[in-house]
Amino acid sequence: MEELNAQEFEQVDISSFFDSEAEVSQEDSKVVIFTKKQNDLVNEIIPIVQKNNKTTAESFINRIVDLEALASAINRFPSLLERHSIIGDVRTPTSLIDSLIDHMNNGDSTLQLPSKANLGKGLLIAKMHTLSRLGREAKFLGEEKLAKELETETISSMFSLLVEDVYLNLINDTSQPLEFRREWAMSLLLLWEHWSDQNIEDVAPVLQAVWTARRRLAPAFGTMMGTSELMMISMQMDDQWIHFIKEKMGDPGVTQAMEEFLFGISYEQIKTLKNTLKTQGISAIGRDEVSKFLGEHVKADAGLDYRDFYSLYTVRRDNARSRARFKVEGPYKTLEDYYIQFVTEQNKEKQKNDTFAK
């Protein structure tokens with residue numbers, strides 16, 4: 001890597017920080033480290049950091065070089081989208097899809113997944129932390145617009161991690177049509193190969209907007225999910241979200257999953273809270289009172305940090321899996337599962353209509 005000079009630094013493409021071998025590797029890379037938008041943001045913020053603190057800028061550049069080295073190592077693993085002979089066996093995309101459908105279970109699937117998938121996840125997490133640190137540095141330097149854009153890209157990357165979970169959940173759902181499960185499995189292979197996904201671009205902005213709105217609206221605990229709160233959220237969304245609300249809110253599982261998402265506590269805690277407030281003759285309480293009435297500490301008011309979003313998602317995911325395993329009352333899927341399933345159904349319906357129209 002070129003030696004940095006605080007006085008001579010000019011805005012250049014991020015590839016100039018790598019030696020020629022790394023540049024070739026990045027060009028041929030199948031794993032996307034930074035999207036074009038993210039690359040532009042990195043190129044914009046690093047010169048600003050460089051002017052303020054050469055040492056800090058150099059640490060960021062070194063981290064980016066490390067990400068490139070990790071990506072280069074991952075790209076040496078066999079592609080998941082090609083045919084390979086591995087230790088006397090033949091692996092194809094079709095055989096991987098069959099394996100995902102036939103051998104998933106309720107336990108941890110880490111050891112059942114391809115090495116490239118697990119390594120790519122580590123790269124994605126390192127990338128998220130890097131973008132987040134750059135965003136915090138931009139905010140510290142008073143670059144509010146840049147900070148906000150870097151935060152958005154960090155959250156967008158987090159959704160790649162989240163959608164992997166969702167695909168695995170949906171693939172494991174034997175009540176779904178095999179055609180859908182195979183399509184989700186193929187989407188998962190594409191995600192693992194590139195760590196980018198078309199569905200994320202469609203779904204992430206909607207779920208992020210709902211997440212942001214839920215904090216601002218602060219729905220009243222102890223009542224059924226308020227129609228006014230839901231309508232206020234829906235008015236800020238796109239047509240697909242409104243269609244989802246109209247089509248699916250009559251499904252008890254979707255309604256319960258929505259309540260968990262909005263209130264930030266489990267279905268069981270919501271049910272207990274409603275019964276307690278009804279017994280005591282209290283119509284509604286604020287988020288800051290939830291722990292007191294439940295008799296246990298709960299984090300009902302999570303911030304906008306990408307780690308909060310993912311952490312609370314995993315709690316809802318694990319709770320849903322447990323209910324499905326033990327066949328007890330409550331939602332068996334998360335709101336994210338239901339929404340991505342709905343998007344898939346809509347896309348399939350559109351494809352059929354387009355075919356008939358020809």
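This is a predicted model: local features need pLDDT of at least 70, side-chain atom pairs count only at pLDDT 80 or more; totals for chains, interfaces and linings use all residues.
Axes here are lines fitted to C-alpha atoms, for helices over the stretch in contact, and the angles between them run from 0 to 180 degrees between N-to-C directions. Two packed helices are described by the angle between their axes and the distance between the axes.

**Helices α6 and α7**

- Helix α6 covers residues 144-171 and helix α7 covers residues 178-194, and their axes come within 9 Å and cross at roughly 150°.
- Because angles over 145 degrees count as roughly antiparallel, α6 and α7 are described as roughly antiparallel to each other, and their crossing is left-handed.
- On the α6 side the contact is made by Ser-160, Val-163, Glu-164, Tyr-167, Leu-168, Leu-170 and Ile-171, while α7 contributes Arg-181, Trp-184, Ala-185, Ser-187, Leu-188, Leu-191 and Trp-192.
- Sorted by class, the residues in this contact of α6 with α7 are 10 nonpolar, two polar and two charged.

**Helices α5 and α6**

- Helix α5, residues 115-140, also packs with α6, and the two axes come within 8 Å and cross at roughly 160°.
- α5 and α6 are therefore roughly antiparallel to each other, and α5 passes α6 in a left-handed crossing.
- Among the residues of α5 that meet α6 are Lys-121, Leu-124, Ile-125, Met-128 and Leu-131, and among those they meet in α6 are Leu-150, Glu-153, Ser-157, Leu-161 and Glu-164.
- By class, this contact of α5 with α6 has 11 nonpolar, five polar and six charged residues.

**Helix α7 and the residue after it**

- At 1.5 Å a residue, the 17 residues of α7 should span 24 Å, and the end C-alpha atoms of α7 are 24 Å apart, which agrees.
- The buried residues of α7 are Phe-180, Arg-181, Trp-184, Ala-185, Ser-187, Leu-188, Leu-189, Leu-191, Trp-192 and Glu-193.
- Of these, Trp-184, Leu-188 and Leu-191 are also among the residues that α7 brings to its contact with α6.
- After α7 comes Trp-195, whose phi is positive, near 50°.

- Although Lys-327 is not a glycine, it has a positive phi of about 55°.
- Lys-327 has a relative accessible area of 68% and is exposed, because exposed means over 50% relative accessible area.

Note on methods: Residues are numbered from 1 along each chain as its sequence is written. Side-chain values use heavy atoms; hydrogens and water are left out. Helices (H or I, at least four residues) and strands (E, at least two) are DSSP runs, numbered from the N terminus. Angles under 35 degrees count as roughly parallel, over 145 as roughly antiparallel, 65 to 115 as roughly perpendicular and the rest as oblique. A crossing is left-handed if the near helix is turned anticlockwise from the far one by less than a right angle, and right-handed if clockwise. Contact means heavy atoms within 4.5 Å. Ala, Val, Leu, Ile, Met, Phe, Trp, Tyr, Cys and Pro count as nonpolar, Asp, Glu, Lys and Arg as charged, and the others, Gly among them, as polar. Buried means under 20% relative accessible area, exposed over 50%, partly exposed in between (1.4 Å probe, protein chains only). The expected span of a helix is 1.5 Å times one less than its number of residues.
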